[in-house]
Each structure stands twice: as C-alpha cells, then as structure tokens.
Amino acid sequence: MERDGANRSLWQSVEMPAFFADSTSKHYDVIIAGAGITGVTAGYLLQKAGKKCLIIEAENFGFGTTGGTTAHINTFYDAHYDKVIKDFGEENAKLLAQTGPEVIRQIRTIIEENSIDCGFADRTSYVFSLDQKQTDELEDLFEATKKVGLPAQEVTETPFPIPFEKAIKIEGQAEFHPTKYICAVGEAFLALGGTIMENEMVTAVTESGNSAKVITDKNEYNTGDFIWGTHVIPNINRMNFLAAPYRSYAIAFTLKSGEYPEALGEDLSSPYHYYRSQEADGKKYVIAGGEDHKTGHEEDAEKHFDALETYVGQYFDVDEVTHRWSSQFYTPADGLPFIGKAPVEHHVFWATGYDGNGMTFGTLAAMIISDIILEKGSKYEELFSPARFNVKAGLVDTVKESADAVFHLIKDKFTARKIDSLDEIPLGSGDTVSLDGKTMSVYRDELGTVHAVESACTHMGCNVAWNNTEKSWDCPCHGARYDIRGVVLNGPTTKNLKKIDL
Ligand SMILES: Cc1cc2nc3c(=O)[nH]c(=O)nc-3n(C[C@H](O)[C@H](O)[C@H](O)COP(=O)(O)OP(=O)(O)OC[C@H]3O[C@@H](n4cnc5c(N)ncnc54)[C@H](O)[C@@H]3O)c2cc1C
C-alpha cells in the first residue's frame with residue numbers, strides 16, 4: 001500500500017485487495033471522491049441502501065491520512081466539551097456527545113455484517129495532566145464531559161507508565177486496524193455492486209439542476225449526488241480559510257517487558273501526546289503520537305521523531321522503535337468539523353476539518369451525508385453545516401490563519417535562498433532556492449541526481465517548502481503537498497508542479 005509520504009506507517013503492510021473497475025458506466029446515483037475512511041464508509045452505506053455508487057480514488061485505498069493515522073476511535077474530541085458548550089451552547093454539546101457512541105455502533109455493525117478481521121476492540125481512554133495548568137484544563141474537561149452525558153470518572157492510576165497530576169477515564173472508546181478495516185469495507189462495497197476507480201483524480205465538479213458533472217483526469221461522469229471524501233476540499237473555496245493543515249508525528253515501538261497497555265491515553269500538553277497498543281503482522285506495538293505543527297512551517301521535520309522517541313524513552317521500557325511516520329490533518333476554525341451540503345449547492349457534499357478525530361468524524365460524515373442523500377434527514381445537519389460561520393468561536397482563528405497564508409504568499413517570494421551552484425544543496429536534501437534569478441524547488445537525492453520543480457504551489461501560488469522526513473514539497477499556506485517529481489500528494493490542489501529541466 002502506498003501512502004502520501006516516504007516514511008512507512010504501521011498500516012501499510014496490509015494486503016490490498018484487487019479492486020476491479022467497471023469503467024464502462026458514466027452515470028451513477030452517487031460519486032464519491034477519496035478512498036479513506038470517509039469515502040469508503042459513505043460508498044458502503046449508500047450502495048447498501050440501493051444507490052448505484054462509484055468511488056474514485058486519486059491513488060490507492062488508504063493513500064491519504066487513513067493510511068497514516070493512529071486510529072483511536074473517540075467519543076470526546078480535540079474540541080473539548082467545555083469549549084463546545086461555551087461556543088455552541090449546552091444543547092449542541094450534548095448533541096455532539098451523541099456522535100461518538102453512534103459512530104462506534106455503526107463501525108461495529110459494519111464489522112459484524114461483513115465479518116471483518118481488523119482488531120476492533122472496546123477501550124477505555126485515560127486523559128491525564130502533567131502540570132497545574134493542564135490540571136485546571138482537565139478539571140474543566142472532566143466537568144463538561146460529565147455534563148454532556150459521557151461516562152467520565154476520576155482515577156488514581158492509569159495503565160500508562162507516565163507520572164501525572166490528575167487523571168480521568170472515559171469508557172466507551174474503541175480502536176482498530178484502519179487499513180484492514182477500509183480495505184474490507186471496500187470489498188464489501190464491491191460485493192454489493194459498487195464500482196471503484198483507483199489512480200484517477202477528480203479535478204472539477206459542476207452542479208446543474210438535479211445532478212452534477214464530475215470531471216477527472218481521465219473521464220467525465222454524471223451523478224445525482226457527489227461527495228468530496230478527500231479530507232481537504234480541492235481547489236479554491238471557503239475551507240481554505242476555515243480548516244488549517246497540520247502535520248502530526250507517530251512512532252511504533254516494542255516493549256522489553258512484553259506487557260502492552262490495553263487502553264487509549266493522552267496528556268494535555270500542547271500539542272498533546274497520545275498512546276495506544278496495536279497488534280500488526282503478528283507482533284505487538286505501542287503507538288505514540290504528537291509533535292504537531294502547521295504544514296510547511298518546519299525546517300527540520302525529522303527532529304519531531306527524535307523528540308517523540310526521547311519523550312517516550314523516559315517512561316516506557318522501549319525495546320525497538322520500528323516505525324516512524326507523519327501525516328496531515330485539518331483543524332477547523334471553530335473546533336467542529338464541516339460535514340454536509342456544500343454552501344449554495346444541493347447535490348455536492350463536503351466532509352473536512354476533522355482535526356485529530358477523523359476515525360469518528362469520517363464515519364460520522366458518511367452517516368450524515370448518506371442520511372441526507374437518502375432523504376432521511378439528519379439531526380446533525382445544522383451543527384456541522386459547511387455553510388456555518390460561528391463568529392463567536394472561529395473569527396479570531398480564521399483571521400490569524402488567513403493572515404498567515406497571505407504572509408507566506410508574499411514573504412516567501414522574496415526570501416528564497418540565493419545559490420550559485422546546485423552543489424550547495426547537500427545530498428539527500430531539498431530547498432526552495434534562487435539560482436540565476438529563478439526561484440525553484442530542488443531536491444538532490446543521495447546519488448546527486450537533481451529533481452527540480454517550479455516553486456509556486458498550483459493552488460494559490462505560495463512557495464512550497466521542503467519536508468525532509470516525508471521527502472515532499474509542502475505548501476505553508478493551505479497544505480497542498482507534492483512528491484519530488486512535483487506530483488500531487490495532498491489537495492487542495494489538483495495540479496502537479498511543473499518539472500524544471502536543468
Ligand atoms: C498522525 C495522525 C494521527 C491521527 N490519529 C487519529 C486518531 O487516533 N483517531 C482519529 O479519529 N483520527 C486521527 N487522525 C485523523 C484521521 O486519521 C483523519 O481525519 C482521517 O483519516 C481522514 O480520513 P478521510 O477518509 O477523510 O481522508 P483520507 O484518509 O486522507 O482520504 C482521502 C483520500 O482522497 C484521495 N483524494 C484526494 N484528492 C482527490 C481527488 N481530487 N480525487 C480523487 N481522490 C482524491 C486521497 O488520495 C486519499 O486517499 C490522525 C491524523 C494524523 C495526521
């Protein structure tokens with residue numbers, strides 16, 4: 001399984017089913033772009049309900065963040081319930097609290113319906129504070145979590161070997177192997193008569209009347225409804241300003257003791273660290289994650305793995321760190337994901353801004369959108385509407401994110417490092433440089449071969465920055481990413497960077 005980065009995640013060893021594509025039909029009831037947890041779940045639910053569906057994936061199943069996640073399935077989120085109560089009101093916070101348990105029931109149902117072997121397990125989550133500031137935060141989170149009706153309890157011990165000031169446990173969480181899950185759901189979708197096209201990118205969708213025209217780099221289709229299950233909504237749209245891209249880092253390691261905590265855990269550092277165990281390929285691991293930062297804003301991404309390793313090494317009896325990987329998520333301006341009808345459109349749906357909770361919110365998006373398409377309505381439609389603009393919760397952050405993008409758009413144009421020779425770029429590294437008056441993004445591989453591409457991101461023109469761990473060009477403005485040949489890895493762009501022939 002390929003992924004949108006050079007590091008291999010724990011999930012990539014999964015055996016990919018051969019997805020047979022029936023490319024003859026150009027008319028569908030529903031077309032879904034993206035084969036991560038959102039797209040695959042939506043396809044399954046809609047096909048099962050009798051719709052004729054097509055999933056179009058730019059690369060392969062699990063290529064996006066679902067192949068680089070850590071797969072905690074939570075009922076409490078990065079937007080803590082105390083903040084949600086403050087920004088959206090108590091009734092909405094209670095509504096939000098219903099989503100997690102519903103999602104876990106849905107995932108369990110899909111697993112049972114299709115006898116999926118993906119290590120799904122019920123888990124208790126432990127949230128702990130490491131200092132007084134975090135303890136104050138934890139107390140607010142604890143009270144609010146109980147208020148919205150979730151089973152939170154204070155505890156004096158956790159299954160993790162990390163000293164804490166205060167800890168709570170929240171029952172009713174879960175975990176699974178995410179790529180085993182989506183591949184099996186994809187097979188079930190095919191068995192129900194669904195169609196899958198891999199290695200095909202949707203580049204544009206136009207709605208007219210009761211249908212939409214879907215244009216890809218290979219075909220043109222017609223559909224009754226269309227879902228962007230692509231994690232980030234491609235091209236230029238309001239989500240560029242309302243959902244900001246972040247990189248997050250994960251490692252998997254074995255323990256000398258051989259005793260693996262059977263729970264989920266997280267502290268309240270900023271950014272927070274999170275932990276759980278996982279069996280993969282017949283071996284047990286602990287997965288730890290954290291060290292998030294804005295995409296394209298870090299000169300030395302590699303150092304975040306070292307920091308994570310050093311941090312866990314203080315507490316766990318680490319035997320061997322076997323995997324290191326990073327991936328991308330999108331933080332919504334007001335804390336809640338954007339799920340539902342695209343603003344002003346009736347047959348085009350968006351699902352984005354999940355923060356670090358996309359196992360739950362991706363499944364939830366599939367449930368909400370399929371309920372709307374199937375004309376059942378959804379009690380969550382208004383709360384998550386992509387057309388909302390919660391001035392109270394999101395305005396300051398939105399202004400900051402937009403200002404940040406404009407700052408990069410202008411500043412990076414004038415600050416590319418001037419070089420006289422390509423030899424100034426060390427082997428195995430990349431940089432956006434100015435050579436003979438031309439700005440370009442150049443990677444010199446370990447053998448000295450030069451790969452040069454245009455620096456201006458094809459989304460909105462900001463200069464891309466080198467990501468030294470995933471060996472990619474990352475845009476600091478809206479998170480578009482490209483491989484060393486300039487081929488798109490992540491939206492919102494759908495166009496490659498032009499290669500420069502040196
Ligand atoms: C390090 C890390 C750890 C995380 N841990 C957790 C966790 O523990 N629990 C949790 O709930 N969430 C977690 N998340 C978030 C969660 O993994 C994501 O929100 C979720 O995987 C997103 O799923 P998705 O299906 O929406 O998108 P993706 O998995 O990114 O899938 C989108 C797919 O769309 C395809 N695509 C893109 N553009 C196009 C196009 N134009 N045409 C066709 N196809 C296209 C891509 O190739 C990709 O395969 C984590 C995120 C990170 C970065």
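Me: Which residues does His-304 touch, not counting residues up to four places away in sequence?
Reply: In this predicted model, His-304 touches Tyr-249, Glu-291, His-293 and Glu-298 once residues up to four places away in sequence are set aside.

Me: And where is His-304 found?
Reply: His-304 is found in helix α7, which covers residues 303-313.

Me: Is His-304 buried or exposed?
Reply: His-304 has a relative accessible area of 8%, and because buried means under 20%, His-304 counts as buried.

Me: OK, switching to the ligand. Which residues come nearest to the ligand?
Reply: There are 36 residues around the ligand, and of these Thr-38, Glu-57, Thr-66, Thr-70 and Met-359 come nearest.

Me: What lies 2.7 Å from an oxygen atom of the ligand?
Reply: That is a backbone N or O atom of Met-359. A polar side-chain atom of His-231 lies 3.2 Å from an oxygen atom of the ligand, while a polar backbone atom of Asn-357 is 3.5 Å from an oxygen atom of the ligand.

Me: How much of the ligand does the protein bury?
Reply: The ligand taken alone exposes 1,000 Å², and the protein buries 96% of that.

Me: Which elements give two or more residues to the shell around the ligand?
Reply: Those elements are α1, β15 (residues 318-332) and α8.

Me: Tell me about α8, then. How many of its residues are buried?
Reply: In α8, 15 of the 16 residues are buried, so this helix is largely enclosed by the rest of the structure. From its first C-alpha to its last, α8 reaches 21 Å, which is close to the 22 Å expected at 1.5 Å a residue.

Me: What follows α8?
Reply: α8 is followed by Glu-375, which has a positive phi, near 60°.

Me: Now α3. How far apart are its end C-alpha atoms?
Reply: The end C-alpha atoms of α3 (residues 90-113) are 35 Å apart, and this agrees with the 34 Å that its 24 residues should span at 1.5 Å a residue.

Me: What do the buried residues of α3 pack against?
Reply: They pack against α1 (37-48), β3 (72-73), α2 (81-88), β6 (166-175), α5 (178-191) and α8 (358-373). The buried residues of α3 include Ala-93, Leu-95, Leu-96, Val-103 and Ile-111.

Me: And which residue takes a positive phi just after α3?
Reply: That residue is Ser-115, with a phi of about 45°.

Me: Where is Gly-119 found?
Reply: Gly-119 is found in the loop between α3 and β4, the strand of residues 121-129.

Me: How far is Gly-119 from Lys-86?
Reply: Their C-alpha atoms are separated by 37 Å, and the two residues are 33 residues apart along the chain.

Me: Last topic: which strands form the open sheet of four?
Reply: The open sheet has the order β22-β23-β24-β25, and the pairing is antiparallel. The edge strands are β22 (465-467) and β25 (488-490), each of which pairs on one side only.

Me: How many bridges are there between β24 and β25?
Reply: β24 (residues 481-482) and β25 pair in the antiparallel sense over two bridges. Arg-481 stands opposite Asn-490 in β25.

Note on methods:
Residues numbered from 1 in each chain as written. Predicted model: local features only at pLDDT ≥ 70, side-chain atom pairs only at ≥ 80, totals over all residues. Heavy atoms only, no water. Expected span 1.5 Å × (residues − 1). Buried < 20%, exposed > 50% of the residue type's maximum accessible area, 1.4 Å probe, protein only. Contact = heavy atoms within 4.5 Å. Pairing = 2+ DSSP bridges. Near = heavy atom within 4 Å. Polar contact = N/O pair within 3.5 Å; in protein donor to acceptor, adjacent residues only side chain to side chain. Areas by Shrake-Rupley, 256 points an atom, 1.4 Å probe, with all protein chains shown as cover.
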